[in-house]
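Please look over the structure shown here, with its helices, its sheet and its pocket in mind.

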Amino acid sequence: MTDDTLPHDLRLSIGRLARRLRAQKADDSISDSQFSVLASLQWHGDCTIGSLSESEKVTPPSMNRTVNALEAAGYVARASAPDDGRKVVVSLTAAGRDLVQQTALQRDAWFVERLRALDPAQRAALEAAAPVIKELAES
């Protein structure tokens, strides 16, 4: 790989790997964006539609449609905000928490299986690259 091809090859490879990981879900009927909302609620706790739309970089009407679908599936619930009854707060249900946890376990298992198939030198290279990849992802 040359300096000219490295960015292209890494971008394609990381993108493909991310898609393969995202495909590992405990419920195939929900979209990646719907799962992202569930994971955000798991990570950050209860949120308003506005804060969810900001964090997911979508419009409030789009987020409302996403939340409607997740609510219909039983993964989230809505309630009035305790400090302002005009605001709606979205929270994970037990089924939503279970889906996030089961999906994480499924994704980890998928990844572990692939890592075990690598030879020790390949695994060592990935271990060395992991902090760099994390830094790039967080930049």
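Predicted model: local features only at pLDDT ≥ 70, side-chain atom pairs only at ≥ 80, totals over all residues.

Residues are numbered from 1 along each chain as its sequence is written, and side-chain values use heavy atoms, with hydrogens and water left out.

**Helix α2**
- Helices (H or I, at least four residues) and strands (E, at least two) are DSSP runs, numbered from the N terminus.
- Helix α2 (residues 32–44) has 13 residues and should span 18 Å at 1.5 Å a residue, which agrees with the 18 Å between its end C-alpha atoms; the expected span is 1.5 Å times one less than the number of residues.
- Its buried residues are Gln34, Phe35, Val37, Leu38, Ser40 and Leu41, where buried means under 20% relative accessible area with a 1.4 Å probe and protein chains only.
- Just after α2, Gly45 takes a positive phi of about 90°.

**Sheet**
- Three strands form an open sheet in the order β1-β3-β2, with antiparallel pairing, and its edge strands, β1 and β2, each pair on one side only; two strands pair if DSSP finds at least two bridges between them.
- β2 and β3 pair in the antiparallel sense over five bridges, and the bridge partner of Ala77 in β3 is Ser91.

**Lining of the largest pocket**
- α1 (6–22), α5 and α6 (120–138) each supply at least two lining residues, and α6 gives the most, with eight.

How values were computed
Buried < 20%, exposed > 50% of the residue type's maximum accessible area, 1.4 Å probe, protein only.
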